[in-house]
There are 2 protein chains.
Amino acid sequence: MDGSEWRAAHTQSNAGSWMVKATLGFMNRRPTLRDVASAAGVHPATASRALNPGTRDLVNARTAERVLRTAQSLGYRPNPQARSLKTARSATVGLVIPDLTNPLFPPIARGVEDVLSRDGYSAWIVNTDNDEAREAAAVESLRDRNVDGFIFATAKLQHPITTQIAAQDTPVVLVNRRTGKGDIPSVTPDDAAGVTLAMRHLVELGHRKIVHLAGPQTLSTGVNRLRAYQHALADHGLEYLPERVVVCDAFTEEAGSKALGSLLDSGVEFTAVLAGNDLLAVGCYDALEERGLSCPDDVSVVGFNDTQFMDKLRPPLTTVHIPHYDIGAEAARLLLEELHSPGRHPRSVLLPLSLIVRQSTAPPAR
Amino acid sequence: MDGSEWRAAHTQSNAGSWMVKATLGFMNRRPTLRDVASAAGVHPATASRALNPGTRDLVNARTAERVLRTAQSLGYRPNPQARSLKTARSATVGLVIPDLTNPLFPPIARGVEDVLSRDGYSAWIVNTDNDEAREAAAVESLRDRNVDGFIFATAKLQHPITTQIAAQDTPVVLVNRRTGKGDIPSVTPDDAAGVTLAMRHLVELGHRKIVHLAGPQTLSTGVNRLRAYQHALADHGLEYLPERVVVCDAFTEEAGSKALGSLLDSGVEFTAVLAGNDLLAVGCYDALEERGLSCPDDVSVVGFNDTQFMDKLRPPLTTVHIPHYDIGAEAARLLLEELHSPGRHPRSVLLPLSLIVRQSTAPPAR
DNA sequence: TTGAAAGCGCTAACAT
DNA sequence: ATGTTAGCGCTTTCAA
């Protein structure tokens, strides 16, 4: 049977329709399948078959038609819990997000939802607040609710939870970040390519002393961007100096401010900063301002992600643009594939990105 | 029985625990209540009573203890769908949001989730994309899933959907916006007070010609802030000129840019803008920049909401700060009250706010 | 092509 | 204090 029809069958809104009946006194509860069946003069099993596109052709066309019309006129809507109890599926997907207030994630969530809903699925969004215990609890709760698959935006290089779930034949797709082994399908920006673009831009402006605020080295984004920074230095014939890298313990404004602050105060020489992401870059702005320094006059800054408002900052942030919405959409597509034909062709996708040059980068003063 | 205990009972994470059993070959499916019961040597009904804090005292203390331990050791987790099917409750609340990429809403959602989860409830977040049809579909889908209540961040002055749902004795709380009749509990910022603060600030700086970019007049926030603008003018002995107001059709950057653009191009004189919210204010920045004008040198701008990054704009935006997280948290509290004791004391809450003065406001040039 | 019957996992009224 | 029974609303064998 065609799963997508099965799910899409009752997705259309009959909003308020049974309420009309209720108000008119025909019925004071939601109609059930039995109600439809008896109103149509058939057995509930027949009504069920008629109502589900996948089994519809097991029933006489005229009967099916009659059942459909009856259901429509009663404003019947199937009870997903009952269906799920019976079938052990739920047409629902868990979307696990580390922090919804990070502007990177809402557009990704939108992409996920749009693609899923086209296929009759919905997303259950949970926030883990970057906390492993909360994540474990949230995931258990989603499992309890019989979600058919997961999309994780919380992957770490070592992330037992995704491994466990994937091992249980529950479809999983990672988004934005990957795990270390790379054995789980994922949709991420091409971190290395992004850093390459950013570094070339800085070098072309004339920068030779470029520091990197690296993200947590427990995350693929943190590690990949750091490595790409090192490679870019080599490619441009520049020396890699360990003191020019600070590893931040979180992708937050505060961590960025602290990291750049420590560099500025340490006497390490540099004219440009490659920040691990936009929030770290915003933290750089804070650190510079606190010390009366100017961006880009004293220091150039490049971010990563091109999140909302980065074009409105002072100064507007030069950053690597990633296709947020598409990342989510593509992740949902991979998951749907996996749901429809398990194990067919798992794969990981790197999405292309581009450098957006704004006013936070300029040639070095000297 | 104590509902909160009932729900909280199995909220703790046993992550992976039954998986261990499965791996060890004791069982290859999730243990059910029957499994627990038979392992503990009692009838499923007894196990159920023992497992639910609210009915626990109906059963022998030692038996209860044994059932609990058995459940724990098997890694038993109740199936919420089965429970919901039986009880017609779900310990779940629908959170209806117009647009998750508007930075106003994620912190509100966090507040909602935190308070709900403390009481064993979870939130189903749905995005309506400001579209009535999508909203209707989403709400129907939540109803299908037996949510116990709703929190709407999408209220319009005329908003049949909330009225309908509230009329069916489903608890509803509005957040950020209210409906026209004001008969549904709500938690909103004190729009009028906020505008009063903002206007006083502008007047004290010396502004006399202040325009207002009003939000949609279908929304309480749009209407309340416009009215408060008019009252503030009167309070300060300033004349209200209709041409100094532009009503925007959405709270978006684009609408703000268009609105201020039309004012600038129309020749209407003004030295300051009271924007209906931060996104409209950001739109003002765009319009000013396009015309080579400077904020605050040529025009002062005040926003509303103090959303993320408004302190990092160029120039940093003077805006009315509202307690985002608390708004969500308080809404969840009201809903929980309503859930626990329906019809006890419905009420609406206005949360206090404060003006954050930054660099987008300055005395007028002349 | 349709109906009968069973059961997903749980709770609650009733009986003991 | 515990067991019996029924049923929430649905799907899916199996039988006719």
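**Exercise 1.** Decide whether B:Ala91 is buried or exposed, then place it in its chain.

*Solution.* Start with the count: B:Ala91 has 23 other C-beta atoms within 10 Å, so it is buried. (Buried means 20 or more other C-beta atoms within 10 Å of the residue's own, exposed means 12 or fewer, and partly exposed is in between, with C-beta atoms placed from the backbone.) Before going on, note that this is a predicted model: local features need pLDDT of at least 70, side-chain atom pairs count only at pLDDT 80 or more, and totals for chains, interfaces and linings use all residues. Residues are numbered from 1 along each chain as its sequence is written, while chains are lettered from A and ligands numbered from 1 in the order in which they are written.

Next, the backbone: B:Ala91 isn't a glycine, yet its phi is positive, about 55°. Finally, the place: look in the loop between H6 and strand E1 (92-97) of chain B. (Helices, H or I with at least four residues, and strands, E with at least two, are DSSP runs numbered from the N terminus.)

**Exercise 2.** Find the loop of chain A that holds A:Asp306 and say what its phi is.

*Solution.* Go to the loop between E9 and E10 of chain A, where A:Asp306 sits. Its phi is positive at about 50°, although A:Asp306 is not a glycine. With 23 other C-beta atoms within 10 Å, A:Asp306 is buried. The peptide bond leading from A:Arg314 into A:Pro315 is cis, with omega near -10°. Now check chain B: B:Arg314 and B:Pro315 are joined by a cis bond too, omega about -10°.

**Exercise 3.** Work out how H4(B) packs on H5(B).

*Solution.* Take the axes (lines fitted to C-alpha atoms, for helices over the stretch in contact, with angles from 0 to 180 degrees between N-to-C directions). Those of H4(B) and helix H5 (residues 61-74) of chain B come within 9 Å and cross at roughly 90°. So H4(B) is roughly perpendicular to H5(B). (Under 35 degrees counts as roughly parallel, over 145 as roughly antiparallel, 65 to 115 as roughly perpendicular, and the rest as oblique.)

Then list the partners: B:Thr46, B:Ala47, B:Ala50 and B:Leu51 from H4(B) meet B:Thr63, B:Ala64, B:Val67, B:Leu68 and B:Ala71 from H5(B). (Contact means C-beta atoms, placed from the backbone, within 7 Å.) By class, that's 7 nonpolar, 2 polar and no charged residues. (Ala, Val, Leu, Ile, Met, Phe, Trp, Tyr, Cys and Pro count as nonpolar, Asp, Glu, Lys and Arg as charged, and the others, Gly among them, as polar.)

**Exercise 4.** Identify which residues come nearest to DNA strand D, and which helix gives the largest share.

*Solution.* (Near means a C-beta atom, placed from the backbone, within 6 Å.) The largest share, 5 residues, comes from H6(A). Now DNA strand C: of 23 residues around it, A:His43, A:Asn60, B:Leu33, B:Ala45 and B:Ala82 come nearest. There, H6(B) gives the most, with 5 residues.

**Exercise 5.** Describe the side of chain B that touches chain A.

*Solution.* Count first: 42 residues from chain B and 42 residues from chain A take part in the contact. H8(B) gives the most to chain B's side, with 7 residues. By class, that side has 21 nonpolar, 13 polar and 8 charged residues.

Definitions and conventions. Two residues are in contact if their C-beta atoms, placed from the backbone, lie within 7 Å.
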